Amino acid sequence: MAALRRVLMRTALPLAEAAKPAAPSQLVARTFGTTKAASPETPLMHYTATQQATSSINHRIFYVNVVAMVLVYDLGSSMLDF
């Protein structure tokens, strides 16, 4: 029991010293967040997509619709017996 107490006392001292705040002369000034705002340059509520971006999105959605229509047609014809 005494050995355990000695080990705890040895580890408690370095931990207590590590918990002390650093002296002001040792603190390093951080520049993160002081030069630029964290918000995006164009807020999303005021965002307007370019014509190229809109065409690209519509092109991708078109193929999703084609796949969905083929799937619905295939499932529908498999359920009906002609």
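Of the 82 residues of this protein, 0% count as buried, where buried means under 20% relative accessible area, exposed over 50%, and partly exposed in between, with a 1.4 Å probe and protein chains only. The model is predicted: local features need pLDDT of at least 70, side-chain atom pairs count only at pLDDT 80 or more, and totals for chains, interfaces and linings use all residues. Residues are numbered from 1 along each chain as its sequence is written, and side-chain values use heavy atoms, leaving out hydrogens and water.

The protein exposes about 8,500 Å², of which carbon and sulfur atoms supply 67%; accessible areas come from the Shrake-Rupley method with a 1.4 Å probe, and for residues only the protein chains shown count as cover.

As for secondary structure, there are 2 helices and 0 strands, taken as DSSP runs (H or I of at least four residues; E of at least two) numbered from the N terminus. Tyr63 lies in helix H2, residues 51-79.

Which kind of aromatic pair do Phe62 and Tyr63 form? Rings of Phe, Tyr and Trp (its six-membered ring) pair if their centres lie within 6.5 Å; planes under 30 degrees apart are stacked, over 60 edge-to-face, and the rest tilted. That rule gives 1 aromatic pair. The ring centres of Phe62 and Tyr63 are 5.4 Å apart and their planes stand at 70 degrees, so the pair is edge-to-face. Phe62 is partly exposed, at 47% relative accessibility.
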